[in-house]
Amino acid sequence: MTFFNEIKTYIGFGPHEAEVLAELRAHLAPRFPEFAEHFYQVILTHARAAAAITGGPAQVARLEASLESWMESGLAGPHDEVFYERRARIGRIHVVIGLPQEFMFTAMNVMRMDFHGAIDRLTDATHSAIVRRDAIDKLFDLELAIMLRYYQRDSEAVVAQRERRVLSDRLAAMQALAAGLAHEVRNPLNAAKLQLELLERRLRRTVTDERLIEPATLVQHEIARLTELLNELLDFARPARLTAVEHDLVSIARHVIELERPSAVNRGASLELEASTDRVLAWVDAGRIHQIILNLVKNAVEAVRHDGHVVVRVATAIDGGAAITVSDDGGGIPPEVLARIYEPFFSTKEAGTGLGMPIVHSLVELHNGQITVATGEHGTEFTVTLPPRAPEPDVVMRESVARDADV
Ligand code: ADP
Ligand code: MG
């Protein structure tokens, strides 16, 4: 049963009510302009409600006209699915213009009382005032139920969208910072590495005591770690340029799994691939998709205990796009961590850089894709969905350091 039919049944709105309303319309239509004017008068005298109306008298006149046709069609019907869809849009407009929800009910009641008053003053005997009031009340409750439903849905969507935008802006700012930093660090680090190799070679020529050389080896090791971090920083800051071509996601995933299996096996975990079909084609930048899967798989492997399982799934989505899922049966991500996983440099690991997930996030965004996560005590599942059509090719989103200049 559709939502609308369900509500109609619940309220008890049927052919009889529709007929009473249609008849009532003939009597009350001349008064609709008056009701509409009263409706907006009341809104305009309340600062918080009036704040939603920013277009001055011209907007009020337009709103009044559409309210009149709203009354007209509400009474005339037919109260079918088309009616429902059209009504649903009104709830949406309230969210967009930012009319506080409480005024939706109170403003509707202003109009309801106008209808009641007008009904009480009718003198014809087609239907009693009670029957007519009941039909109007049922109609208003239907309208409110529809508005409320869309109010809630759209409010949630608006909040989610705002959050995504804030996150993207913050990531872009951090990427710019990372690019600058990496650029500055790269040259001195390179120089230090070369000088150190030189020093080590000279030392080896003149001394035989291995202990004297040991510090140089340790510093080499530290420099290697710094270089690794720098590379990750560069990945994070990399120019957001996509070269998307049609690619088989299954083979990309298979490649990542082959690379990562040894480290999974080392931890006693299994790492498997499940593909819905032999090939899943999508318009992607293969190198970037490789990195997305790699970062997710690394985290998954790091999250599972001994005997844990990590599964990578690749499938074609219903809309013709593709979905990549990486799931593990580790301990899950606690809420306070989950809220920060896309934050650069946020890590709960001793040797973590906290750049894996921010990189994933911006690469998914670059593909116009989406990433969602489901997590709980039985494990975590990240799903990356990619759109069916080719993303805009070669979009330069932010300036950064070129790849060939890497350390
Ligand atoms: P890093 O792996 O260097 O810590 P990431 O950006 O890759 O940085 O991940 C950030 C944090 O998100 C991790 O430190 C971890 O707390 C959490 N996380 C990511 N994936 C998982 C997962 N599959 N299971 C549990 N925690 C995870
Ligand atoms: Mg990681």
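Which residues in H3 meet which residues in H5? In this predicted model, the H3 side of the contact consists of Phe-32, Pro-33, Phe-35, Ala-36, Glu-37, Phe-39, Tyr-40 and Leu-44. Their partners in H5 are Val-60, Leu-63, Glu-64, Leu-67, Glu-68, Met-71, Glu-72 and Leu-75. By class, the residues of this contact comprise 12 nonpolar, no polar and 4 charged.

Two packed helices are described by the angle between their axes and the distance between the axes. For H3, which spans residues 32-44, and H5, which spans residues 56-76, the axes come within 9 Å and cross at roughly 130°. The two helices H3 and H5 are therefore oblique to each other, and their crossing is right-handed.

H5 also packs against helix H8, which covers residues 129-206. Here the angle is about 115°, and the axes lie 11 Å apart. The crossing of H5 with H8 is right-handed. On the H5 side, Trp-70, Gly-74 and Leu-75 take part, and they meet Ile-136, Leu-139, Glu-143 and Met-147 in H8. The contact of H5 with H8 divides into 5 nonpolar, 1 polar and 1 charged residues.

The crossing of H7 and H8 is right-handed. From H7, the contact includes Met-104, Phe-105, Met-108, Met-111 and Phe-115, as well as Arg-112 and Asp-120. In terms of class, the contact of H7 with H8 has 13 nonpolar, 2 polar and 7 charged residues.

Two features of the backbone were noted in loops. Most residues other than glycine have a negative phi, and most peptide bonds are trans. The peptide bond from Gly-77 to Pro-78, however, is cis, with omega near -5°. Pro-78 is located in the loop between H5 and helix H6 (81-97). Asp-307, a residue other than glycine, has a positive phi, near 75°. The loop that holds Asp-307 lies between H11 and strand E4 (309-316).

The largest pocket has a volume of about 1300 Å³. It is lined by 44 residues, of which Asn-299, Glu-302, Lys-349, Gly-352 and Thr-353 are the closest to the centre of the pocket. Helices and strands both contribute to the lining: at least two residues each are supplied by helix H9 (210-237), helix H11 (286-303), strand E5 (322-328), helix H13 (356-366) and strand E7 (379-386). The largest share, 9 residues, comes from H11. By class, the lining of the largest pocket has 18 nonpolar, 15 polar and 11 charged residues.

Notes: Residues numbered from 1 in each chain as written. Chains lettered and ligands numbered in written order. Predicted model: local features only at pLDDT ≥ 70, side-chain atom pairs only at ≥ 80, totals over all residues. Heavy atoms only, no water. Axes fitted to C-alpha atoms, helices over the stretch in contact; angles between N-to-C directions. Helix = DSSP H or I, 4+ residues; strand = E, 2+ residues; numbered from the N terminus. Parallel < 35°, antiparallel > 145°, perpendicular 65-115°, else oblique. Left-handed = near helix turned anticlockwise from the far one by under 90°. Contact = heavy atoms within 4.5 Å. Nonpolar A, V, L, I, M, F, W, Y, C, P; charged D, E, K, R; others polar. 1 Å grid on protein atoms, 1.4 Å probe; cavity = no way out; pocket = protein on both sides within 12 Å on 5 of 7 lines; lining within 4 Å. Points joined across faces, edges and corners; volume = space filled by probe spheres on them.
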